[in-house]
Amino acid sequence: MADTLLEIKDLCVQFGGLSALERVSFAVSPGEIVGLIGPNGAGKTTVFNLITGIYPPTSGSVTLNGRTISGKKTHLIFQSGVARTFQNIRLFKKLSVLDNVRIAAHSQMRYGPLTGALRLPGYWRDESETTARAMDMLGIFDLAGYAEATASSLPYGAQRRLEIARALISRPRLLLLDEPAAGMNPTETRALMSTIREVRDRFGVAILLIEHDMRLVMGICERLVVLDYGQVIAAGAPDEIRRDERVVKAYLGGSAV
Amino acid sequence: MNTLIIQIINGLHVGSVYALIALGYTMVYGIVKLINFAHGDVIMVGAYITLSLLSSAALPFGIAAGLGILFCAALGVAVERIAYKPLRNAPRISSLITTIGVSYFLQNAVQMIYSPTPRPFPIRINIPAVAIGSLRISGLTFVTILVAVLLMIALEAFVRRTRTGKAMRAVSEDLQAAQLMGVNINTTISVTFAIGAALAAVGAILYSTAYPSISPTMGAMPGLKAFIAAVLGGIGIMPGAMLGGFLMGVAESLTKGYISTQLSDAVVFGILIVVLLVKPSGILGRHASEKV
Amino acid sequence: MNAANRKSWIINLAALAALTAALLIPARLNMFNDYIKGVITWTLVNVIMAVSLNLVCGLLGYLALGHAGFMAVGAYASAMVSLNWKVPLSFPLALLAGGLAAAAAGMVIGIPVLRLKGDYLAIITLGFGEIVRIILNNIPALGGARSLRGIPRITTIPAAYLAVVICVALMFTLGRSRHGRAILSIREDEVAATSSGIPVMYYKMLAFTIAAFFAGIAGGLYAHNAGTLNPNRFNFDRSIEYLVMVVLGGMGSITGAVIAAAVLTALPEMLRWLSDYRMLIYSLALILMMLFRPDGLLGTAEFSIARMLERVRRARTGARSSRADRGNDG
């Protein structure tokens, strides 16, 4: 790998003496789609929470383009180019779809509180530009018609798409998707797969995704990292992982092999 | 040295009253996450009812107090049925506001029935002072602390041992899960309000014997302090309410004795602020982190 | 801006102008007696309090129970300015001083307090509010428990009204800017907000400080209307009253807060003929309101005359068309 976007090195975290992640290391290259898989409770979402700074790691480091981001505040990590979605959809439920996306564009807007309150020209310029960008983004995810609707009123699949649209408005270099296909039927999942690929091609963003749907994972991921009991037990191309004994064992339990 | 011990014992006296009232706040909060602002006024109603039964009906003290406590338990259930139950699925703040409404209502209803001027609480229980070594503790203080401690032990046993008690703990852990496991949550919540209000009534009677002047707004200050005691100890945790109550009582008494009477309330609030800043969930509180 | 939107703007502006005229022209012509003047001023002060508290409770989503404390800081600060500095323009300066003092207090309190969540924040703000009151009670230079007297009574209805207009307008424009959206996003989901690049602590502080600032202005207006200040006027019950206004108006609705503050200030006055029953009825009204409209008068929506006219029109045409339907059946 010539250049590395995200590098996770010896990441450890303990919750109340219990080790949730042990010396986890892996890397993601620019524009790559990587799957983070493993049985329930393996620590996948914890990895996301450490990358985005929701929790600080006990030891180890996370670097983005060679700069350390672990230990930084969540909103600063976002501003340095890491956006995410959540396992159990966390939209701004009572706000409009458009506002959900515009909120994530906040850090790219410039006008101050007074300019906003007094409606000075800076406000109008910045707002109209952001609104246009947000509408474009909603268009990409087939959500333009819902712009004024309340986020919570959207159907489930649309809510998942809105979360991705919200994450992308800031033009991140790394997108973390936490179980994007959870609760979707096969048709929706297939549509989602092509959306994910399109997003990568269009925005050149690297994607790290957690997913249990193996068809999706095998179908779009270029590389997989397998986590079990807080440790990386395998990493490599989907075909290699499929044949890896330890992975099969982790998923099916010791006796099945 | 002696005065210090006496101040501490005085503090435990008023602290045990705070603790009894705080239990009501903490039980209700633990189970339905509601700050019941009408709780302080239950104290006041308890005092007035007991007063009426003593003076108008001329009942003996024990019976009057018993009836007063029963009345308050019923009032507690009424508050739950009116202010909380219809709003169980509404925003939490709405039920908070209805309890404020009930609080205003009780204050004004009592004011209309009895007049707003303070009244003397007629009873003077003559209990001989208790001597421990060279210390003489007033009988009233001794009885108050004893009653409070016994009730807390009884309550703890009730919650640990009985079916209803277990149901209460289950509901406070997870209301939905408890319901799925066959716990009758309506009854459980009502029982919680009833017990909390009954304890507040006991607190009211003990309070009125110590400060024998009662008025329609008398519930406000002990109510607020008991509420703070509950938060101090860790709201939702019963031993925390007791600890918080005693702590507040002693702190208040020591400030009054050694610093200044006017500042005693400031010290109480100051302690609250310091504790919350150092340990945001209270002294005995568990730290609950949000799952992402 | 589309046509319907523009029409709604025009109607609302016209209504606002009518309200302004109804209030200011009689005031100018001295048509109000002292009692009415007092009630109107007090109502305007309370509107500022409710609208500013709405920023913290409704928009940021934090339950704060010490808003009267900031009002007290503002009242005393502005009163001291008026009493000690006799300079031209001293009244606006005094109000500004009150606002800034309260904002400073908000900032000092906000730094430790805003790390807490939910009900704990409510309780700690309660504690701070009460401490402000107790401290004021114990400063002889500020009159202490025996009140601060002799403050020039120069608050006029137009002055208070101007303050209301500025406060409400700023809330509206701030609320509909990236900063307002950031504050709303914290209410909706703090984790999602920080994960979307919102500096959460900064916006909590901003909301808290602005709310305190306007509470301070309201306090200054109150001080220069009452002429005397007693710390116990700013107790916990007062904070609760403002919370009630915000919730009753609908958390997050600026117009709701305005209406609720006006109604709840004027209602007890209008119920004076009920004498002893007055507060009883008031408390019952409060309970019933909450039971039947748990989300408050307006929910999170804003009041709009255009929308109301639209609803009336639709209801009428609806009735007519259903009558027509029945006619066809027969």
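**Labels and their cut-offs**

Student: What share of the residues of chain C counts as buried, and what makes a residue buried?

Tutor: Of the 330 residues of chain C, 48% count as buried. A residue is buried if 20 or more other C-beta atoms lie within 10 Å of its own, exposed if 12 or fewer, and partly exposed in between, with C-beta atoms placed from the backbone. This is a predicted model, in which local features need pLDDT of at least 70 and side-chain atom pairs count only at pLDDT 80 or more, while totals for chains, interfaces and linings use all residues. Residues are numbered from 1 along each chain as its sequence is written, and chains are lettered from A and ligands numbered from 1 in the order in which they are written.

Student: How many helices and strands does chain C have?

Tutor: Chain C has 13 helices and 0 strands. Helices (H or I, at least four residues) and strands (E, at least two) are DSSP runs, numbered from the N terminus.

Student: Why is chain C called as compact as a globular protein of that length?

Tutor: The radius of gyration is taken over C-alpha atoms, and the globule rule is 2.2 Å times the number of residues to the power 0.38. For 330 residues the rule gives 20 Å, and chain C has 21 Å, which is close to that value, so chain C is as compact as a globular protein of that length. Along its principal axes the C-alpha trace spans about 85 × 55 × 40 Å.

Student: What share of the contacts in chain C with a separation of 6 or more joins residues 24 or more positions apart?

Tutor: That share is 81%. Two residues are in contact if their C-beta atoms, placed from the backbone, lie within 7 Å.

Student: How many residues take part where chain C meets chain B?

Tutor: Chain B gives 33 residues and chain C gives 33 residues. On the chain B side, α4 (92-114), α9 (220-233) and α11 (264-278) each supply at least two residues.

Student: Which strands make up the open sheet in chain A, and what makes two strands a pair?

Tutor: Two strands pair if DSSP finds at least two bridges between them. The open sheet has 4 strands in the order β2-β1-β4-β5 (chain A), with antiparallel pairing. Strands β1 (residues 6-15) and β2 (residues 18-28) of chain A share 7 bridges, and one bridge partner in β2(A) is Phe26(A), which faces Ile8(A) as its partner. Strand β4 (residues 59-64) of chain A and β5(A) are joined by 2 bridges, and Thr63(A) has Thr68(A) as its bridge partner in β5(A).

Student: What makes β2 and β5 of chain A edge strands?

Tutor: Each of β2 and β5 (67-68) of chain A pairs on one side only.

Student: How do you know whether Arg23(A) is buried, partly exposed or exposed?

Tutor: Arg23(A) has 14 C-beta neighbours inside 10 Å, so Arg23(A) counts as partly exposed. Arg23(A) is in strand β2 of chain A, and phi of Arg23(A) is near 40°, a positive value in a residue other than glycine.
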